[in-house]
Amino acid sequence: MTDKTLRLGTRRSRLAMAQSGQVAEAVSRVTGRPVELVEITTYGDTSREQLAQIGGTGVFVTALRDALLKGEVDFAVHSLKDLPTTQPDDLVVAAVPVREDPRDVIVARDALKFTDLPSGARIGTGSPRRMAQLNAYARSHGLGIATVPIRGNVDTRIGFVRSGELDAVVLAAAGLNRIGRGDEVTDFLSVDTVLPAPGQGALAIECTAGNADLIAALAELDDPFTRIAVTAERSLLAALEAGCSAPVGALADLLADGQIVKEMRLRAVVGTTDGTRMVQLSTTGPVPETHDGAMALGRELAAEMLAQGAAGLMGERAH
């Protein structure tokens with residue numbers, strides 16, 4: 001390896017810059033090389049449409065991947081939940097670092113918890129997955145809430161609450177933690193209430209498949225357990241033929257006996273955005289030891305969900 005500066009491609013948002021900065025420090029540590037951030041604007045950053053309308057899958061990723069393939073950057077950092085489930089042959093996810101908190105959180109007025117929100121409360125989220133599960137929970141617990149579609153960065157979203165336009169907004173815990181705003185969370189949504197997006201809280205560090213030296217260096221940042229878990233979640237998403245804007249929640253967690261990890265549990269949910277119809281299933285088994293084993297686990301659970309009518313709940317399926 002030379003000591004030449006490595007160029008890290010990142011989206012320009014405050015969150016993307018924060019998480020890329022953290023990865024840059026780690027890569028610099030393992031390679032001994034300086035890392036510079038190269039800001040790239042993606043279609044998802046410039047479009048004002050709802051993510052579900054502009055396709056969801058890949059809108060934040062394509063420009064970064066183009067820069068990689070053109071040699072304008074050496075590697076890129078993605079939020080794993082934004083990454084399409086089909087991996088291009090000429091690119092490789094060299095590392096999936098240890099996952100941040102995968103849960104969704106509420107930022108509400110008057111420091112309210114989700115269950116303390118008054119009847120008729122307006123909750124902002126741009127995610128059909130969150131809408132489906134929040135509405136289902138509210139329906140089964142007699143809470144009268146209205147989910148309101150919103151877009152924008154963290155400041156914009158929390159601003160809707162501060163201005164009184166909304167009673168609460170739903171965000172990812174990982175994002176708030178990474179930009180140092182975890183103290184604004186008023187409630188953590190249990191994964192029993194709202195399952196996160198497949199891959200939520202995890203990052204993917206991607207580079208070209210031909211860059212063997214860099215792949216080997218980045219591999220030191222890989223966390224095998226996180227990779228196995230997100231592989232199972234994303235395999236389920238792919239088998240449902242659902243894009244990352246579809247109302248699919250999935251979480252693979254490791255069940256430990258003391259310090260020894262014994263099993264992995266994969267839970268998943270698909271539902272209509274109004275929360276009236278849901279398919280929710282889980283499976284528990286030995287921790288998969290290979291990529292193919294994790295893929296198989298996801299596919300098997302997806303097949304069970306499709307057998308229970310999951311496809312009809314997702315609206316347009318990704319093609």
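In this predicted model, a polar atom of the Ser127 side chain lies 3.0 Å from the backbone nitrogen of Arg130. Ser127 itself is found in the loop between strand 6 and helix 5, the latter spanning 128–140, and with a relative accessible area of 14% Ser127 is buried, since buried means under 20%.

- Strand 8, made of residues 168–172, is mostly covered, with 5 of its 5 residues buried.
- Ala168, Val170 and Ala172 point one way from strand 8, while Val169 and Leu171 point the other way, and all of these residues are buried.
- Strand 6, residues 121–124, pairs with strand 8 in the parallel sense over 2 bridges, and within this pairing Gly124 has Val169 of strand 8 as its bridge partner.
- Strand 5, residues 104–108, runs antiparallel to strand 8 and is joined to it by 5 bridges; here Val107 is the residue that stands opposite Val169.

- An α-helix has 3.6 residues a turn, so residues three or four places apart point the same way.
- At the start of helix 6, a side-chain oxygen of Asn153 comes to within 3.2 Å of the backbone nitrogen of Asp155, and just after the helix Gly164 takes a positive phi of about 85°.

**Helix 4 and its buried face**

- In helix 4, residues 62–69, the buried residues are Leu64, Arg65, Ala67 and Leu68.
- Around the axis of helix 4 they cover an arc of only 155°, which means that they sit on the same side of the helix.
- Helix 4 is followed by Gly71, which has a positive phi, near 80°.

- An open sheet is formed by 3 strands in the order 11-12-13, and the pairing is antiparallel.
- Strand 11 (248–257) and strand 13 (278–286) stand at the edges and have a single partner strand each, so one side of each is left without a neighbour in the sheet.
- From one strand to the next, the twist of this sheet averages 15°.
- Strand 11 and strand 12, the latter made of residues 260–271, pair in the antiparallel sense over 10 bridges, and Gly249 has Val269 of strand 12 as its bridge partner.
- Helix 10, residues 291–307, lies across strand 12 and strand 13 and runs at about 35° to strand 12.

**The nonpolar cores**

- The largest nonpolar core holds 25 residues, and those that touch the most other members are Leu236, Leu240, Val248, Met264, Val270 and Met305.
- Helix 9 (224–239), strand 11, strand 12, strand 13 and helix 10 are the elements that give two or more residues to this core.
- Once residues up to four places away in sequence are set aside, Met305 touches Leu236, Leu240, Ala268, Val269, Val270, Val279, Leu281 and Ala310.
- A second, separate core has 16 residues, including Leu6, Phe75, Val77 and Leu203.

- Leaving aside neighbours within four places in sequence, Ile215 is in contact with Val92, Ala94, Cys207, Thr208 and Ala209.
- Ile215 and Ala16 are 199 residues apart in sequence, and from C-alpha to C-alpha they are 21 Å apart in space.

Notes:
Residues numbered from 1 in each chain as written. Predicted model: local features only at pLDDT ≥ 70, side-chain atom pairs only at ≥ 80, totals over all residues. Heavy atoms only, no water. Pairing = 2+ DSSP bridges. Helix = DSSP H or I, 4+ residues; strand = E, 2+ residues; numbered from the N terminus. Axes fitted to C-alpha atoms, helices over the stretch in contact; angles between N-to-C directions. Contact = heavy atoms within 4.5 Å. Buried < 20%, exposed > 50% of the residue type's maximum accessible area, 1.4 Å probe, protein only. Polar contact = N/O pair within 3.5 Å; in protein donor to acceptor, adjacent residues only side chain to side chain. Arc of directions from axis to C-beta. Core = buried A, V, L, I, M, F, W, Y, C linked by side-chain atoms within 4.5 Å.
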